[in-house]
Amino acid sequence: MQQVLLTCRPGFESDLAAEIQEKADACGVFGFVRAKADQGFVIFEGHESDAGKTLVRKLAFADLVFARQWLLVNHHLDSIPVDDRVGPITESLSALPMCALWMTFPDTNEGKSLSRLTRKLERPLSKAVTPLLQSTAPWYGHVFFLSGSEAWVGYTPVNNASQWPLGFPRLRQPSAAPSRSTLKLEEAWVQLIAEPQRASMLKPFQKAVDLGAAPGGWTWQLVQRGMQVTAIDNGPMDKTLMDSGQVVHLREDAFAYIPKRPVDWLVCDMVDKPARVAELMERWLVNGWTRFAVFNLKLPMKRRWLEVRQILEKIQSVLEEGNCRYQLKAKQLYHDREEITVFAAPRDY
């Protein structure tokens with residue numbers, strides 16, 4: 001098995017291709033990447049026959065920024081009979097033991113239209129692969145449909161992939177939240193913090209600062225967790241949020257604000273140059289003004305992976321020079337657009 005299929009947000013195929021090429025080389029797995037614009041996935045093609053399996057074993061999926069999900073390819077079926085899809089797909093899933101079956105599709109308009117097909121196939125295909133299932137198997141069987149007659153079939157490692165088949169959790173927009181950006185912070189917590197750690201990191205009565213807060217989408221999430229929030233923004237905040245009694249609104253420059261005492265959480269979703277926001281985050285972390293941080297970095301139109309890598313490396317270097325033992329996790333979330341989200345936490349967490 002020498003191919004690995006990786007999914008991404010449509011329009012970011014070249015960025016994912018650059019990232020996986022670089023990280024595969026660093027793992028000693030050599031090959032090339034095939035990618036087309038706006039199709040929502042790329043194919044890594046290894047030179048060795050077991051390159052794909054080696055890559056998903058050596059490379060931690062959580063370290064990939066632009067990938068939503070991946071699968072180790074066993075077969076590419078490009079002419080599935082419409083009157084018998086179950087047979088060819090089941091036959092293609094006989095190479096490795098699997099604990100369950102996933103059926104997914106690209107996050108494109110054409111891909112989303114396949115959701116009806118996957119629902120229709122769920123029962124007959126699940127029944128057909130039952131003899132192949134082993135509850136303790138380390139793989140999910142994975143069928144990635146491109147159309148009703150074409151699919152990539154393979155396996156996703158149970159312990160080295162996104163826990164959601166499509167690569168992101170389904171979140172519902174809260175009607176009371178003042179903006180849709182609220183889902184970016186909620187997804188960041190779900191995607192970037194392991195569930196066992198979440199309860200110890202997010203507690204009522206913690207102190208938080210929201211830089212660039214107005215109208216309050218991220219502040220709303222902090223308030224829902226029972227935190228006391230200082231919202232920094234020259235713009236107006238949502239009245240209901242202010243009536244909660246948990247928010248202090250300061251009309252100040254977010255880049256100049258210094259807290260009177262350290263806080264538990266810093267969150268930041270500002271439209272500014274990523275390098276400038278990164279320097280602001282470095283200052284907060286090195287000076288010990290916050291314990292945890294979630295922030296967004298807006299991306300340039302070209303060479304986005306290069307920009308991301310350079311910024312993350314610089315942040316890590318500055319933190320190490322300041323004797324700050326922090327770990328960084330970065331991901332382009334489902335609710336991100338031209339940006340990525342970064343989570344910073346002490347390494348002992």
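Me: Two strands pair if DSSP finds at least two bridges between them; strands (E, at least two residues) and helices (H or I, at least four) are DSSP runs, numbered from the N terminus. In what sense do strand 1 and strand 3 pair?

Reply: This is a predicted model, in which local features need pLDDT of at least 70, side-chain atom pairs count only at pLDDT 80 or more, and totals for chains, interfaces and linings use all residues. Residues are numbered from 1 along each chain as its sequence is written, and side-chain values use heavy atoms, with hydrogens and water left out. Leu 6 stands opposite Val 42 in strand 3. Five bridges join strand 1 (residues 3–7) to strand 3 (residues 41–46), and the sense of this pairing is antiparallel.

Me: Which strands stand at the edges of the sheet?

Reply: Seven strands make up an open sheet of mixed pairing, in the order 2-3-1-4-7-6-5. An edge strand has a single partner, so one side of it is left without a neighbour in the sheet; this holds for strand 2 (31–35) and strand 5 (100–104).

Me: At about what angle does helix 1 run to strand 2?

Reply: Angles run from 0 to 180 degrees between N-to-C directions, and axes are lines fitted to C-alpha atoms, for helices over the stretch in contact. Helix 1 lies across strand 1, strand 2 and strand 3, and its angle to strand 2 is about 170 degrees.

Me: How many residues of strand 7 are buried?

Reply: Residues count as buried under 20% relative accessible area, as exposed over 50% and as partly exposed in between (1.4 Å probe, protein chains only). Strand 7 (residues 150–157) is mostly covered, and of its eight residues the number buried is seven.

Me: Which residue of strand 7 is the bridge partner of Gly 141?

Reply: Strand 6 and strand 7 form a hairpin with two residues between them, and eight bridges join these antiparallel strands. Strand 7 also runs antiparallel to strand 4 (residues 69–77), to which five bridges join it, and there Leu 72 stands opposite Tyr 155. The partner of Gly 141 in strand 7 is likewise Tyr 155.

Me: How many residues apart in sequence are Arg 304 and Asp 15?

Reply: The side chains of Arg 304 and Asp 15 meet in a salt bridge at 2.9 Å, N to O; the term requires a side-chain nitrogen of Lys or Arg within 4 Å of a carboxyl oxygen of Asp or Glu. Both residues are buried. Arg 304 belongs to helix 11 (residues 304–321) and Asp 15 to helix 1 (residues 13–26), so the parts tied together have a sequence separation of 289 residues.

Me: How is helix 1 placed relative to helix 11?

Reply: Contact means heavy atoms within 4.5 Å, and residues including Asp 15 and Ala 18 in helix 1 meet Arg 304, Trp 305 and Arg 309 in helix 11. The two axes come within 8 Å and cross at roughly 55 degrees. Angles under 35 degrees count as roughly parallel, over 145 as roughly antiparallel, 65 to 115 as roughly perpendicular and the rest as oblique. Helix 1 is therefore, relative to helix 11, oblique.

Me: Which residues are linked with Lys 184 in a network of salt bridges?

Reply: Lys 184 forms a salt bridge with Glu 339, with 3.1 Å between the closest N and O atoms. Lys 184 lies in helix 6 (residues 182–192) and Glu 339 in strand 14 (residues 339–346), 155 residues apart, and both are buried. The network links Lys 184 with Asp 269, Lys 298 and Glu 339.
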